[in-house]
Structures are given as structure tokens and as C-alpha cells.
Amino acid sequence: MTVRNGQGRRGVGRTRPGGSAVPLSEAYDTALLDLDGVVYAGGEAVPHAVEALGAARAGGMHLAYVTNNALRTPDAVAEHLTELGVPAEAGDVITSAQAVARLIADDVPPGSRVLVIGGEGLRVALRERGLVPVDSAEDGPVAVVQGYGGPEMPWGRFAEASYAVARGLPWYASNTDLTIPGARGIGPGNGAAVEVVRIATGGRVEPKVAGKPLPPMHRETVLRTGAKRPLVVGDRLDTDIEGAFNGGVDSLLVFTGVTDAAQLLAAVPEHRPTYVAADLRGLLVGQPEVVAGEDGVFVCGAWRASVSAPDGGELVLEGPTGDAAGADPMDGVRALCGAAWSAADAAGGAVPDAGKVLARLGF
């Protein structure tokens with residue numbers, strides 16, 4: 001077992017980040033890496049991602065790329081990764097399009113027509129499962145599926161989905177991420193598009209969702225990678241980290257995407273990662289243990305974190321000043337996670353104020 005403290009198994013929320021005496025790339029056989037916000041953003045590689053992934057691969061870690069973005073095909077994603085300097089093949093890529101296509105294929109007869117509101121990745125995944133993509137509610141579909149179609153998705157596509165769903169056709173969604181990171185910032189994701197159809201149909205029907213954090217995506221990933229000791233690596237608490245929690249596997253949160261330190265400290269039990277790192281270089285090192293003291297102080301590296309009052313209050317951080325050697329700000333974040341999560345659990349979910357201490361760490 002790599003985790004040295006806290007909990008984190010399925011159904012049990014952890015009270016502090018875990019520790020590993022060896023680099024994570026040695027402790028786990030496979031990294032299940034999210035793409036947007038972890039490996040790239042807006043088409044460009046995230047800083048340090050190419051070098052870190054190359055070193056992890058050279059050390060024997062299998063790299064698999066698991067994305068809720070259903071727009072592109074695995075071939076296209078692998079080609080893009082290779083162009084960025086991260087060699088990959090189509091078989092290394094697992095998408096929510098593949099997961100939802102399997103989900104639909106389990107429910108409808110082979111050769112069935114499916115109304116597609118999305119991009120080429122979704123169409124290819126449906127064909128792989130023996131289903132026939134169609135474009136109109138008048139083409140005889142037996143189901144409707146929505147996946148991210150990019151920023152140029154015509155408004156009329158949502159109308160087609162609405163017509164079909166209103167007629168009672170079963171409705172599927174690759175994922176329900178409300179946002180997606182890009183080069184210019186955070187934009188609307190497939191979840192926002194699903195909400196459009198939900199509103200148009202009176203909010204009476206819910207789609208079956210395949211993507212992270214739900215079980216169909218975890219099943220698809222395990223089937224395609226054969227991972228024995230996987231580590232989920234992501235930037236989102238409500239998809240990547242919760243998906244790992246639901247699957248009973250360990251996770252690494254990186255701060256290169258949508259989640260910031262304040263959101264991490266306020267995380268509910270199912271959104272608490274096993275490990276925390278600034279970026280993908282965290283795969284190449286171990287993780288220091290967060291030690292819990294009897295006085296409510298959590299220690300990690302050179303930092304000590306606590307809460308100002310037993311029943312809540314502000315987070316307190318003690319540690320070196322200036323450029324003291326060994327004062328890794330991430331250790332401060334890890335110690336603060338222990339103090340904040342434990343205090344929130346004891347107080348029934350109330351989150352201590354973290355503004356002052358995070359500013360001190362540069363977050």
C-alpha cells in the first residue's frame with residue numbers, strides 16, 4: 001500500500017493527503033491522465049507536461065489518456081499528443097464517447113440508429129459498437145446522445161435533440177462537465193449543452209451519463225488499459241477525483257487546470273485527492289507524509305497547519321519565512337488540507353477561512 005496516512009478507499013473520505021516513500025511513477029503501474037487542463041490547454045502543452053510524462057514513461061509507467069471530451073477521435077487525440085512531444089497511439093486514449101457508446105449498445109439492438117449531437121469522436125465510437133449515427137429526429141433514431149461538439153456547434157442541433165427527447169426517446173450524454181478549459185480561459189462544456197436540452201424539454205427527463213465521475217467511464221478505462229495499480233491524474237475535483245473515489249483507486253490533483261487551492265481545501269470527502277502537486281512533475285517524486293498531532297496540528301515538511309478554534313474559525317499556518325531551504329509551498333497546502341478537511345468533518349461540513357494563509361503560500 002502506497003498511502004501512508006488518511007483514508008481514501010471507496011466510500012470513505014480521507015482526512016489528509018497520503019504520502020509515498022517512492023516516486024508515484026514507481027508506486028503505480030498506470031497513470032490515467034485527464035487531458036484538458038492536465039496535459040494540454042487550448043491545444044498547447046501545459047508547462048512541464050511533456051518532460052514529466054517522458055520521464056515517467058522512460059521509468060516504466062504506462063500512460064493512458066482519459067478524457068470526458070467526446071469531440072475528437074482517439075486517433076486524432078493521439079496524433080495531437082505526439083505532435084506536442086508526448087508519443088501516443090490511439091489505444092492509449094479512452095474517451096467518454098467510447099464509454100457512452102458502450103452504454104447505448106448495451107441498451108439497444110445492434111444496427112440501431114442513434115441521433116448524434118456532437119462531433120466526429122462520438123460518431124466513430126458509435127460505429128465501433130455497431131450503431132448507426134444519424135443527424136435528424138426524423139431519421140428514425142431509437143436513442144439520442146449528446147457529446148461536446150466544439151464552440152461552433154449549430155443551435156439547430158440542440159433543437160433536434162429536444163424534439164427527439166420530447167417524443168420519449170432515451171437520452172444519453174457523454175459527460176456533464178459544465179466547463180472546459182481553453183487557451184483564452186474557461187468556456188462552456190457539454191454539461192451546459194445538456195442543460196439547454198433539459199430546459200427545452202421541461203426538465204422532466206434526465207440523460208444517462210457515461211463520463212467521469214460515473215461508473216461507465218471507469219469500466220471503459222479498466223477494460224481498455226488493463227491497469228492493475230492505476231493512479232488517476234486530473235485537475236477537476238467533481239470529475240477526475242470523484243471518479244477515482246467512486247472507482248476505489250488513488251488520485252493525484254494538479255493545479256494546472258480549473259481547481260485552485262481554496263477549492264481543494266473546501267473539498268467534500270469524495271472530492272479529496274490522495275496526492276497534490278503543482279503540475280505533472282509530481283509523478284516523478286514521492287509525496288511527504290502529512291502527520292496529524294494530538295493537538296489538532298497537521299505537519300508536512302517545514303509547515304504546520306491548524307484551525308484557530310475547535311468549532312471553526314480561520315486556518316493558521318506556521319512555517320519558515322523568506323527563502324528558507326525546504327519550505328516547499330506545496331507542503332504548506334498539504335498540511336492545510338489536513339487541518340481544513342478534519343475541521344470540516346468535525347464541524348459537519350463548515351469550511352475554515354483560508355484566504356490569508358493561501359496568499360502567504362502564493363496561491
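## Burial and surface

A residue is called buried when its relative accessible area is under 20%. In this predicted model, buried residues make up 54% of the 363 residues in the protein chain.

The accessible surface of the chain comes to about 14,900 Å². Carbon and sulfur atoms account for 54% of that surface.

## Overall fold

The chain has twelve helices and 19 strands. Its radius of gyration is 21 Å, close to the 21 Å that the globule rule gives for 363 residues, so the chain is as compact as a globular protein of that length. Along its principal axes, the C-alpha trace spans about 65 × 45 × 35 Å.

Take the contacts between residues at least 6 apart in sequence: 69% of them join residues at least 24 apart.

## Charges

The protein chain carries 30 positive and 43 negative charges.

Side chains of opposite charge can pair when their charged atoms come close. In this model the count comes to 20 salt bridges. Three of them follow.

## A bridge between two loops

Asp 177 and Arg 236 meet through their side chains in a salt bridge, at 3.9 Å from N to O. The pair links distant parts of the chain, 59 residues apart. Asp 177 lies in the loop between strand 9 (171-173) and strand 10 (179-182). Arg 236 lies in the loop between strand 13 (230-234) and helix 9 (237-247).

Are these two residues buried or exposed? Asp 177 has a relative accessible area of 11%, so it is buried. Arg 236 is buried too, with a value of 10%.

## A bridge within a helix

The side chains of Arg 224 and Glu 220 form a salt bridge, at 2.5 Å from N to O. Both residues sit in helix 8 (residues 215-225). They are four residues apart, so about one helical turn separates them.

Glu 220 is buried, with a relative accessible area of 0%. Arg 224 counts as partly exposed, at 27%. This pair belongs to a network: salt bridges that share partners join Arg 102, Glu 128, Glu 220 and Arg 224.

## A partly exposed pair

Glu 120 and Arg 127 also meet in a salt bridge between their side chains, at 3.7 Å from N to O. Glu 120 is partly exposed, with a relative accessible area of 43%. Arg 127 is partly exposed as well, at 47%.

Conventions: Residues are numbered from 1 along each chain as its sequence is written. This is a predicted model: local features need pLDDT of at least 70, side-chain atom pairs count only at pLDDT 80 or more; totals for chains, interfaces and linings use all residues. Side-chain values use heavy atoms; hydrogens and water are left out. The radius of gyration is taken over C-alpha atoms; the globule rule is 2.2 Å times the number of residues to the power 0.38. Buried means under 20% relative accessible area, exposed over 50%, partly exposed in between (1.4 Å probe, protein chains only). Contact means heavy atoms within 4.5 Å. Accessible areas come from the Shrake-Rupley method with a 1.4 Å probe; for residues, only the protein chains shown count as cover. Lys and Arg count as positive and Asp and Glu as negative; His and the chain ends are not counted. The place of a charge is taken as NZ of Lys, CZ of Arg, CG of Asp or CD of Glu. A salt bridge is a side-chain nitrogen of Lys or Arg within 4 Å of a carboxyl oxygen of Asp or Glu.
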